[in-house]
Amino acid sequence: MQVLEDADAHKLESSDGVIVVPCSDGDQMPDVFEHQCALAREAGRRVRPHMFSLHGGAMLIAENCPLYREYQVDQLLLQQIREAEGTDLKGIGTVVLYIHAPCGAAGLAGLSLVEQVVLLIRAKERVKEIDTTNVVVCFVHVDYGDRQRTYFISRDRWLSYWASLGRSLWGHLFPTDPHPEAVPTRTSDSTQMAP
Ligand SMILES: [Zn+2]
């Protein structure tokens, strides 16, 4: 089953720009930034990346992310997004949430990539709560050493994966099931999930 999909296959339609929440990693930022600009350019829409970057990126928005809890970083980022999507400031209705690997901040917190994904999915839910009409997209940026790739991850697909396989493989990483709502369905059948 394929959880990660090519990000280029997911054109963002926003004509008002995009709010982007990546890790601040300066080795990855040029690729992240240029990719966002290229996606906009190729779709013929306005190039307007509105960046909120801190160590760890969008996973900081999950209330159970262990990083920088003492600074209420989740509340700060949610407030910044709220302002940027609000019509009083920028009125940007599309939010792109990033995690990446390898991420030094995730390493400091001892987070595996699976835990990062779980936090990213939770971050998406919280950003969606700001305004359910907003488009919230999750990207995973990977540096393989000789090349960088960006993947799209769908919440629904991730939950299907969690129900069919992820829970049994990775559930032990979590004190409580991070996706108790994910239950096996016919659509989570691995043959149907194959690309
Ligand atoms: Zn990082």
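Visitor: Which strands does helix α1 lie across?
Guide: In this predicted model, helix α1 (residues 29-42) lies across β2, β3, β4, β5 and β6 (148-153). The helix runs at about 150° to β3.

Visitor: And helix α4, what does that one lie across?
Guide: Helix α4 covers residues 113-130 and lies across β4, β5 and β6. Its direction is about 170° to β4.

Visitor: OK, the sheet now. How many strands form it, and in what order?
Guide: Six strands form an open sheet. The order is β1-β6-β5-β4-β2-β3, with mixed pairing.

Visitor: Which strands stand at the edges?
Guide: β1 (4-6) and β3 (49-51). Each has a single partner strand, so one side of each has no neighbour in the sheet.

Visitor: What does the twist average from one strand to the next?
Guide: The average is 35°.

Visitor: Let's zoom in on β4. How many of its residues are buried?
Guide: Seven of the eight in β4 (residues 94-101). The strand is therefore largely enclosed by the rest of the structure.

Visitor: How many bridges join β4 to β5?
Guide: Eight, and β4 and β5 (residues 135-143) run parallel. Within that pairing, Val95 stands opposite Val136 in β5. His100 has His141 of β5 as its bridge partner.

Visitor: What about β2 and β4, parallel or antiparallel?
Guide: Parallel, over three bridges. β2 spans residues 18-21. Ile19 stands opposite Val95 in β4.

Visitor: So what sits opposite Val95 in β5?
Guide: Val136. Val95 also stands opposite Ile19.

Key: Residues are numbered from 1 along each chain as its sequence is written. This is a predicted model: local features need pLDDT of at least 70, side-chain atom pairs count only at pLDDT 80 or more; totals for chains, interfaces and linings use all residues. A residue is buried if 20 or more other C-beta atoms lie within 10 Å of its own, exposed if 12 or fewer, and partly exposed in between; C-beta atoms are placed from the backbone. Helices (H or I, at least four residues) and strands (E, at least two) are DSSP runs, numbered from the N terminus. Two strands pair if DSSP finds at least two bridges between them. Axes are lines fitted to C-alpha atoms, for helices over the stretch in contact, and angles run from 0 to 180 degrees between N-to-C directions. Two residues are in contact if their C-beta atoms, placed from the backbone, lie within 7 Å.
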